[in-house]
Amino acid sequence: MNNKYKKLILSIIFDGIGMATLLPFDIIWAPLSGYLMTRMYAGNLGKVAGIVSFLEEIIPFSNMIPTFTLIWIYNYVIKKENKNKEAKVTA
(Lines give C-alpha, C1' and ligand atoms only; values in the text may rest on other atoms or scores of the structure.)
Protein backbone atom coordinates (compact mmCIF):
# COMPACT_ATOMS: atom_id res chain seq x y z
CA MET A 1 0.00 0.00 0.00
CA ASN A 2 1.23 3.48 -0.90
CA ASN A 3 2.49 5.68 1.97
CA LYS A 4 -0.03 8.32 0.88
CA TYR A 5 -2.96 6.00 1.54
CA LYS A 6 -1.50 4.73 4.81
CA LYS A 7 -1.51 8.35 5.98
CA LEU A 8 -5.15 8.69 4.87
CA ILE A 9 -6.16 5.61 6.89
CA LEU A 10 -4.24 6.87 9.93
CA SER A 11 -5.83 10.30 9.49
CA ILE A 12 -9.32 8.84 9.56
CA ILE A 13 -8.46 6.75 12.63
CA PHE A 14 -6.91 9.72 14.47
CA ASP A 15 -9.89 11.94 13.60
CA GLY A 16 -12.18 9.23 14.95
CA ILE A 17 -10.24 9.11 18.20
CA GLY A 18 -10.35 12.90 18.44
CA MET A 19 -14.09 12.99 17.88
CA ALA A 20 -14.66 10.24 20.46
CA THR A 21 -12.68 11.84 23.26
CA LEU A 22 -14.52 13.71 25.97
CA LEU A 23 -13.32 16.79 27.80
CA PRO A 24 -11.00 15.25 30.41
CA PHE A 25 -9.30 13.05 27.80
CA ASP A 26 -8.76 16.03 25.48
CA ILE A 27 -6.00 17.16 27.83
CA ILE A 28 -4.11 13.97 26.93
CA TRP A 29 -5.19 13.69 23.29
CA ALA A 30 -4.50 17.33 22.29
CA PRO A 31 -0.70 17.24 22.71
CA LEU A 32 -0.57 13.69 21.36
CA SER A 33 -2.50 14.67 18.22
CA GLY A 34 -0.20 17.65 17.70
CA TYR A 35 2.84 15.41 18.02
CA LEU A 36 1.40 12.78 15.65
CA MET A 37 0.66 15.46 13.07
CA THR A 38 4.26 16.71 13.17
CA ARG A 39 5.48 13.13 12.68
CA MET A 40 3.14 12.52 9.73
CA TYR A 41 4.10 15.67 7.80
CA ALA A 42 7.59 17.10 7.57
CA GLY A 43 8.69 20.72 7.53
CA ASN A 44 6.51 23.76 8.00
CA LEU A 45 3.34 21.90 7.05
CA GLY A 46 3.87 19.47 9.93
CA LYS A 47 4.62 22.25 12.40
CA VAL A 48 1.58 24.33 11.46
CA ALA A 49 -0.66 21.26 11.26
CA GLY A 50 0.55 20.13 14.70
CA ILE A 51 -0.36 23.49 16.23
CA VAL A 52 -3.75 23.52 14.49
CA SER A 53 -4.46 19.95 15.60
CA PHE A 54 -3.49 20.74 19.20
CA LEU A 55 -5.70 23.84 19.29
CA GLU A 56 -8.63 22.06 17.66
CA GLU A 57 -8.49 19.29 20.25
CA ILE A 58 -7.94 21.49 23.30
CA ILE A 59 -10.75 23.97 22.48
CA PRO A 60 -14.02 22.57 23.85
CA PHE A 61 -16.63 21.39 21.31
CA SER A 62 -14.34 21.76 18.27
CA ASN A 63 -13.55 18.02 18.16
CA MET A 64 -15.89 17.49 15.22
CA ILE A 65 -13.43 19.06 12.76
CA PRO A 66 -11.53 16.26 10.95
CA THR A 67 -8.16 18.03 11.11
CA PHE A 68 -5.98 15.07 10.14
CA THR A 69 -8.09 14.32 7.07
CA LEU A 70 -8.25 17.98 6.05
CA ILE A 71 -4.45 18.27 6.22
CA TRP A 72 -4.15 15.08 4.15
CA ILE A 73 -6.48 16.57 1.53
CA TYR A 74 -4.50 19.80 1.53
CA ASN A 75 -1.18 17.98 1.16
CA TYR A 76 -2.11 15.35 -1.41
CA VAL A 77 -4.95 16.97 -3.39
CA ILE A 78 -4.88 20.78 -3.20
CA LYS A 79 -1.12 21.26 -3.00
CA LYS A 80 -0.61 18.73 -5.81
CA GLU A 81 -3.11 20.56 -8.04
CA ASN A 82 -1.29 23.86 -7.42
CA LYS A 83 2.04 22.27 -8.40
CA ASN A 84 0.48 20.89 -11.59
CA LYS A 85 -0.95 24.31 -12.50
CA GLU A 86 2.44 25.99 -11.90
CA ALA A 87 4.20 23.40 -14.04
CA LYS A 88 1.77 24.02 -16.92
CA VAL A 89 2.25 27.81 -16.71
CA THR A 90 6.04 27.58 -16.79
CA ALA A 91 6.09 25.03 -19.62
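How many aromatic pairs does the structure hold? The structure holds four aromatic pairs, where rings of Phe, Tyr and Trp (its six-membered ring) pair if their centres lie within 6.5 Å. This is a predicted model, in which local features need pLDDT of at least 70 and side-chain atom pairs count only at pLDDT 80 or more, while totals for chains, interfaces and linings use all residues. Residues are numbered from 1 along each chain as its sequence is written, and side-chain values use heavy atoms, with hydrogens and water left out.

**Overall fold**

- The protein chain contains four helices and zero strands, these elements being DSSP runs numbered from the N terminus (helices are H or I with at least four residues, strands are E with at least two).
- Along the sequence, the protein chain follows the pattern α-α-α-α.
- Of the 91 residues in the protein chain, 35% are buried, where buried means under 20% relative accessible area, exposed means over 50% and partly exposed lies in between (1.4 Å probe, protein chains only).
- Among contacts in the protein chain with a separation of 6 or more, 65% are between residues 24 or more positions apart, contact meaning heavy atoms within 4.5 Å.
- The protein chain exposes about 6,100 Å², of which carbon and sulfur atoms supply 72%; accessible areas come from the Shrake-Rupley method with a 1.4 Å probe, and for residues only the protein chains shown count as cover.

**Aromatic pairs**

- A pair of aromatic rings is described by the distance of the centres and the angle of the planes.
- Planes under 30 degrees apart count as stacked, those over 60 as edge-to-face and the rest as tilted.
- Among the four aromatic pairs, Phe14 and Trp29 form a tilted one, with 6.2 Å centre to centre and 55° between the planes.
- This pair links distant parts of the chain, since Phe14 belongs to helix α1 (residues 3-20) and Trp29 to helix α2 (residues 23-40), 15 residues apart, and both Phe14 and Trp29 are buried.
- The rings of Trp72 and Tyr76 have their centres 5.3 Å apart and their planes at 40°, so this pair is also tilted.
- Trp72 and Tyr76 both lie in helix α4, four residues apart, about one turn of the helix, and both are buried.
- Tyr5, Trp72 and Tyr76 are linked into a cluster by ring pairs.

**Nonpolar core**

- The largest nonpolar core has 12 residues in all, including Phe14, Trp29, Leu36, Met37, Ala49, Ile71, Trp72 and Tyr76; such a core is a set of buried Ala, Val, Leu, Ile, Met, Phe, Trp, Tyr and Cys residues joined through side-chain atoms within 4.5 Å.
- Helices α2, α3 and α4 each supply at least two residues of this core.
- Leaving aside neighbours within four places in sequence, Phe14 is in contact with Trp29, Leu36, Met40 and Phe68.
- Ala49, placed in helix α3, is buried with a relative accessible area of 1%, and, leaving aside neighbours within four places in sequence, Ala49 is in contact with Met37 and Ile71.
- Ala49 and Thr67 are 18 residues apart in sequence and 8.2 Å apart in space, C-alpha to C-alpha.

**Helix faces**

- Helix α1 has 18 residues and reaches 26 Å from its first C-alpha to its last, close to the 26 Å expected at 1.5 Å a residue, the expected span being 1.5 Å times one less than the number of residues.
- The buried residues of α1 are Lys4, Lys7, Ser11, Phe14, Asp15 and Gly18.
- Seen down the axis of α1, these buried residues fall within an arc of 105°, so they line one face of the helix; the arc is that of the directions from the helix axis to the C-beta atoms.
- The face of α1 turned away from its buried side carries the exposed residues Ile12 and Ala20.
- In α3, the buried residues include Leu45, Gly46, Ala49 and Gly50, and, seen down the axis of α3, its buried residues fall within an arc of 135°, so they line one face of the helix.
- The face of α3 turned away from its buried side carries the exposed residues Asn44, Lys47, Val48 and Ile51.

**Individual residues**

- Phe61, found in the loop between α3 (43-58) and α4 (67-90), has a phi near 70°, a positive value in a residue other than glycine, and counts as exposed at 79% relative accessibility.
- Pro31 is found in helix α2 and counts as partly exposed at 40% relative accessibility.
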